[in-house]
Amino acid sequence: FSFFPSRPPDCSMAQLPPFQGLPGRVALHALLLCLLPKGVASAGAGAVLRLEGSSGYSKSFPGLLAEWSKDAEKVSGLSLTRLGDDPHGCSPMPRCSGCAVFVLQGKCPFSMKARRAEAAGAELLIVAMAADGPTVSMTSEVHRTWYGAKTPRITAISVSKAIGRQAVLAMDRNESLTATCWKRQANVYGDIMSEAAVAILAVSLIMLGAWHSVEDLRHPKDQDKFNEQVLAVEETSGFQFVFFGSAMLTVLFFFMKYLIYILLLMFASGAVSTTAMLLEPVIAAWRPSLRATKACKLPERIAGLLGVEQEHSWADAIAESVGGVLAICFLIFRNNDTFGWLLQDAIAVMLLLTIQRTLRLPNLKVGTLLLVCTFFFDIFWVFLSPMIFKKSVMIEVATGGGTGQSVPMVLKIPALSSDLPGQFKILGLGDIAIPGLLISLLLRHDLVRGYKRCGGYFLAGVIGYAVGLLATFVSLYLMQHGQPALLFLVPGTLVPTCVIALRKGELAALWAASYGPEAPEGYVPLAGDAEKQA
C-alpha cells in the first residue's frame, strides 16, 4: 500500500521488530506521508468572485474588495480578459468596454492598476497576489488632479496566489469566461459551526482510533493474532519520518506538475488496503463461512502494489471490492463540491484508524521524540522554508503547485456559507495521526494500570487535544493565515500528560515503559472480558 503522495522504497525504520503481513507497512508509510502538506485553510473573505465558462465551467472563489469598493454593487456577466503584454496591468490597457480585467500584483500600486482598467472601460479589476499567504486588501493612494483628489471608482477584488493560478488555468481551458463579483455577507455563526464540526470529527477519530488500538487488551484471547499486525515505533522514528518527509516535500515542490495525478491515484489506492483491513473482520463476524472459503490468489506484483495479501477469502474479496469502488468514485468525483468531500473523508478516516491500530508507541520517550520532531518539521516547512526556497514549500505543495489540483490528505467539512459554495474547513491527517498515537499510548497505560476514566491520562490527553484545536482555530482567525496545527496540538497533549505523570510519580515509569506488541508485564485481563466475549 502506498498512501499518497508517493510510495517510497521500503524505508522501514532500522531496528524495528519484525512483523508478519502487510498492515504494519501500510500504517508506516501512511504515517510518514501524513507529515506532508495538509492544505492551507483561509480565514474570512469580504467578497465572492464567480467564474463561469461556455463549456459548463462554474466556480466561486473568496476574495477581498478594495478599500474604494467596499460599498460597490454587484457586477455580473462581465467578459474576463487577461493582458498578454503587461500581466501586471501597469501600462495603458486596450479598450474593453464592460469587461473584467485579470492582472497580477506588483510593479505598480494597486491604484494605478485600477485607474488603467477604469480608463480602458472595464467594470471589474481582479488582482492575484504575487506571494503565498494571506490575501492583501487593496488601498488607494490619493491621486490629485486639477479638480481635486480622485480615487478609483471601478469595482476591484484581490484574490490569493492559489486562486489566481486556478483562474489562469480556467482561462486556458475555456474559450470565454465571464466574471461576477459581489460583497460577501459575513456568516460568523456558520464559520463557528463548521470549525466545530471539524473539531468534533477529529476528536472522535482520536478516541475511536485509540479504542481500536487496544483491542488486544479488550479481547485477550485474540491478542497474539492482533499483535502480529502491530509495528512498534522506535526512538529514531521521529528523525527518520522528518528526513523522508522533507525529502519528499522537496521533490514535490520542484516536480508537482508531473506527480500530482500519480499522488491522487496512490491516495485512492489506499482505500483498497485500508478497507480490507477494517471491513474484513466485520464481514467475517457476520458470515464466518466467507472467511473460511477461498476466493482467489492474486499475482505477487499486484498484491504488493495494492498492499494486500495474495491469498484471498471471500471476506477479503468483498472488502477489497468495496474499497475499489470507493477509490474509483473518488478519482471520478473528487472535484464535486456536493459529495466529493465525503469520498475523500471516507478514505482518510480508514487511513487514520489503520495508523492507530497498527502503529504503537512503546513509551512516552518515543512519543515525545516523535511529536517534537514533527512539531519543528511543521514550523520549518510553513514559516522558515521561504528563506531558502523564496516561498513556503508546505503551502506551495498543499495548493497543488499551480496544477489546479489540491492535495487530498485532509479532512474536509463544507463551510456553512450560502453565498460561497465549494469552500471547506480542513484539518490535515498528520494533525490527527501523530497526536493520535500518543492518545492510544495513554489509553493503553490507563487500562494496564486499571485507572478509571477520570483518574488516568486518556481523558486529559483528549481534552488537551481539543484545547489545541481550539487554539489553532483562534490563531487562524487572528493571523488570517493557515496555521500548522501541531504548533498547538503537541504541547496541548504532551504538557498535561507530563503534569499528570509527575503528580502520580509515574513519569520515569511511563517514560521507559514497554508497551510493544508483546503483552505488558503484570497485565491482568480486564474484568468482564470473558462475559463480554460470551
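Tutor: One term is needed before the surface: helices, of at least four residues, and strands, of at least two, are DSSP runs, numbered from the N terminus. The model is predicted.

Student: OK. Which residues make the nonpolar surface patch?
Tutor: Ile328, Ile332, Phe333, Phe339 and Leu342 make a patch of about 470 Å².

Student: And which helix gives the largest share of it?
Tutor: Helix H10, residues 314–333, contributes 3 residues. Ile332 has its place in H10.

Student: Is Ile332 buried or exposed?
Tutor: Ile332 counts as exposed, because its relative accessibility is 57% and the cut-off for exposed is over 50%.

Student: Which way do the E5 side chains point?
Tutor: Leu124, Ile126 and Ala128 point one way, Leu125 and Val127 the other, and all are buried. In a regular strand the side chains alternate between the two faces of the sheet.

Student: Which strands pair with E5?
Tutor: Strand E4, residues 99–104, is joined to E5 by 5 bridges and runs parallel to E5. Strand E8, residues 155–159, is also parallel to E5, again with 5 bridges.

Student: What does Leu125 face in each?
Tutor: Leu125 is the bridge partner of Val101, and Leu125 stands opposite Ala156 in E8.

Student: Switching to cysteines. How many disulfides are there?
Tutor: A search of the whole structure finds 2. One joins Cys90 and Cys108, with sulfur atoms 2.1 Å apart. That pair links distant parts of the chain, 18 residues apart: Cys90 is in the loop between strand E3 and E4, and Cys108 in the loop between E4 and H2. The link of Cys90 and Cys108 is left-handed, with -90 degrees about the S-S bond.

Student: And the other pair?
Tutor: Cys96 and Cys99, whose sulfur atoms are 2.1 Å apart. In sequence order of the bonded cysteines, the pairing is 1-4, 2-3.

Student: Are Cys96 and Cys99 buried or exposed?
Tutor: Cys96 counts as buried at 15% relative accessibility, and Cys99 counts as buried at 3%.

Key: Residues numbered from 1 in each chain as written. Predicted model: local features only at pLDDT ≥ 70, side-chain atom pairs only at ≥ 80, totals over all residues. Heavy atoms only, no water. Patch = residues over 30% accessible without salt bridge, like charges linked within 9 Å, V, L, I, M, F, W, Y side chains within 5 Å. Areas by Shrake-Rupley, 256 points an atom, 1.4 Å probe, with all protein chains shown as cover. Salt bridge = Lys/Arg side-chain N within 4 Å of Asp/Glu carboxyl O. Buried < 20%, exposed > 50% of the residue type's maximum accessible area, 1.4 Å probe, protein only. Pairing = 2+ DSSP bridges. Disulfide = S-S within 2.5 Å.
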